[in-house]
Amino acid sequence: MDKHTCGLTTKTKMFVIIISGKESLHNSLKKFSFRKVMSIIGVTFLTWSAFWIAISPEIRHHLRATCSNTSLDLSQRTDAIEHVFDANDWTSNSNDYFYDNVIEDNPLGLYFSDRLDEKIPVGRSHLKFYKREHMMPLKMVLIFVQDVSSFSANMLEHFFAQQRIEYRLHNFSTYFPSLVIEDIGLPRYSLFVFEDYVTYLSMEFKQRTILDRYCRRYQVGILALTQSTRSEESDIFSNMKLILQHRMELQTFKLNQDSKIWRVAKPQEVYTEALPTSDWTIFIHDHDTYTPLVYSTIKSDWRGSNEDVSSTEFGCTVAVHDQGLQDGIQRVIIGYDIDFWLNSLVAMDAITHLTNGRLGLPLTRLLQIDVDDMFVGITGTRTLVKDAMHMVESQERIRQIIPEFTYKLGFSGGHYLKGSGDEQNGDRKVIALAQHFDWFSHMYKHEATQNLSRIKLKTSLDNNDQFAKKKNLPQVFDYMVTPFHSGVYPVYDVLYDEWNERGVLSTSTSCYPHPKPTWNRRGFIYRGIMVLPRQYCDLSTTTIRFENYIGGKSGLDNSIHGQRLFKMFLYTPVIMVMTHMSNYANDRLAEYTFENVVKFVNKWTNLNMVAPPPMEIAGRYFEMYPNEVIPIWTNPCQVDTGRNIVPPHVSCTKFPKLIIVGPNQIGSTVLQNFIQAHPLLVSKIGDPIQSNEFQFFHGDKYLLGLDWYQKHFPEPETENVMLFETNANYFDSEMVPKRVHALIPDAKIVIILADPIKRAYMWYQHLRFRMDPAAINYTFYQFVSASNKAPFFLRKARSRCLKSSAYVIHLARWLQYFPVNQIYLVDGDELKDDPVSVVNKLQTFLNLQPFIDFSKKLRYDPLKKFFCRIDNGCLGMTIGRDYPPMDEDSIRYLDSYFADHNTNLKTVLNHIGREHPRWLTETPSI
């Protein structure tokens, strides 16, 4: 133990002396137990050897496959890379895609774990869909906080969100969360985070036991911070051989170069400034399990200088690594919050180390700095001769750290030589130095593209290309950015069509899916063009002098030296930065910003900053984030800055407010037909029975975009009109709830729940009507009971039939995205027997005015044996067909098959306060 007392209180010093006196006894015990320990090791070795010899080669192979885990090589640093991920970088385990899909396929466990404060009996019938063991935890972090709305909770949220690490906040004062998805036995978390380590150490015995057992079983570590708001000056945990001394005022920050966790941080650098606030915690320890990570000095004891720290005694430990030698659990504890930039570095490396490389970012940073609006700007803000020369000099200075770095200049040739005499000379000088830069088209007259016809758009781009050719600009043709990002998102199909003809393959925008928060921007691919998220560095067109920057020059320096700009480099693997011509004139804020932030990042981190061509950056981005290839459409009228760049033909009102999502063969088309009798409920254009042709949220038509979707709806005549859509395939689709919520978050969702046994039988009869070989060649019992050895086409049809009837799985998925008060559940039997009551109650749910009495709109047809509308008659021959009775063997088989699903459904319905459908409480029959 370090005997340096580091400003400890008298009480703490006495405890240090007491636990220090135990060292000789501790050593004696170690010597006494040596022979016993060696005996245990020997017996264990012989037992394991015998077991390994006895088991079959197949089992040995399975064990090797189960135990293997592709992870990060923590011993490496900054070797050159050839791909997005290499030995230095975080690499996904080959099974990770499977685990991610488990969450999409089976959200029931997530729903129970997140929302219920007691153990829920969950059946295991879902395991029929999953044929392998799940032992590796999901890539999810559980963060324990005292108040989810507190500053420290928000800070932790931002820290993980900016790195795109999935997390879940949990209020420590409420129930203890489930750590395993119970119905499939899958461990949920790869890391636990505590905003206050004392909270963890003070947990109730039962909760602490559960958490620690989980950590040992799945090799999950703990990252903890400390808070100095408590009244005690110190916390003493004798069982952990650890003392926490609070409210310390410190100076200097020195990493322990002997620690093995460093990857992003450069441990040889020493920070000599005073640390922020006087609320630091230092750690005193008395066990070999603890390795100091960061040293500091009491501020009043500081005797060194910023230039020479060789004589400094770094006696205080402000971050410590518990290697788990006492209880088998690794922990990293940091003596302050992670808003301080050096603590952010420590936390990043701790996360990667504690998760064995499963969580974390690659070391490589792909950098591109765009200079929009070249030749655009009012007099007094434009480039002068000296500014043009300074851009070349700045580029050369950055190349000392990033050799291939080149500024990307977006030009609008129609504004060339539009400034004062000196500014015109500046334009000419930029052209004279053109070969030093890369150039991309930014529209000839800096037009907003969404207002241009195809002919005008083509003319502007042609004129800009001709200008570039005349001025001999080294133009990049496969990358382009439009002024104001217009037409990129919200998408303007005319722009993408023109780009495709010209060979444009990549672009960038700050508007998808929303401009703020900046770290939540994402990429997508539309019509073959890769769209990357663009970052904003607080340099707008009017930020031309230091006093224009938020906080002035000191504000900019703070951003560079550890705050926003530094953290943008730290947390963002692909950095596409937007700047403007005016930022390189006047005070030249852009050059000052990027030269200094690159130097600072290079000094304090092992990040490997590179600047490949735009197409390579785009390809590597989607190699890194393949789940972003397909866009998630949002309402263009709800984009914060989107009202000025929404294509004029896009309607802000032609979106449905109600969606009937099915499932199939349960009465969705009938319900749609009935409610259309209400004058305020208007469906899409076309035959309602042919709804299967309209699969926007489910299938490839989603890629056709919002223009295609909105063409299928009429423009509402009044604001009281409620457009609605019906699609029975939406209910059990994995992606549909997420897509609907992204586009129409306020939509009302109608789900029909009918007896799953009857539904399976109707599905089978529907397949027979369509002459499907799976139904034509097999009896219903053979169909539903088909084994894994059955023909593929039969197994596929069976799975489609039965899986969609496991209502609770799909209902839980909808509940993940939509609140209960936006979801209306219809009893399928009631819809068949008393549709008037169903539709009247649905009117009330939708708050429709005027209220229509549907007893005057519907009548029972004794010939058809179901209800029809009075005004337009009954639906076609496919609706209401009679089928022969179901056999008893099939009823018994399906009753057993759906038993657990229905039990789970009752649990969820109870929790959300909804009545059970009549069939859910009755004995199955047909």
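**View 1. Surroundings of Phe253 in the predicted model.** Phenylalanine 253 touches Glu269, Val270, Tyr271, Leu275, Trp280, Val294, Tyr295, Val318, Phe340, Leu342, Asn343 and Val346, leaving aside residues up to four places away in sequence; contact means heavy atoms within 4.5 Å. Residues are numbered from 1 along each chain as its sequence is written. Because the model is predicted, local features need pLDDT of at least 70 and side-chain atom pairs count only at pLDDT 80 or more, while totals for chains, interfaces and linings use all residues, and side-chain values use heavy atoms, without hydrogens and water.

**View 2. The largest nonpolar core.** This core has 99 residues, and Phe253 and Tyr407 have the most contacts inside it. A nonpolar core is a set of buried Ala, Val, Leu, Ile, Met, Phe, Trp, Tyr and Cys residues joined through side-chain atoms within 4.5 Å; buried means under 20% relative accessible area (1.4 Å probe, protein chains only). Helix α10 (residues 341–354) gives the largest share, nine residues. Domain 1 (140–355) and domain 2 (364–624), with bounds from an automatic or database domain assignment, both contribute, so the core lies between them.

**View 3. Helices α15 and α16.** Helix α15 (residues 552–560) packs against helix α16 (residues 564–571) at an angle of about 20°, with axes 4 Å apart. The two are therefore roughly parallel (angles under 35 degrees). Leu556, Ser559 and Ile560 of α15 meet Arg564, Leu565 and Phe566 of α16.

**View 4. Burial of α16.** Seven of the eight residues of α16 are buried, so this helix is largely enclosed by the rest of the structure. The buried residues are Leu565, Phe566, Lys567, Met568, Phe569, Leu570 and Tyr571.

Terms used
Axes fitted to C-alpha atoms, helices over the stretch in contact; angles between N-to-C directions. Parallel < 35°, antiparallel > 145°, perpendicular 65-115°, else oblique. Buried < 20%, exposed > 50% of the residue type's maximum accessible area, 1.4 Å probe, protein only.
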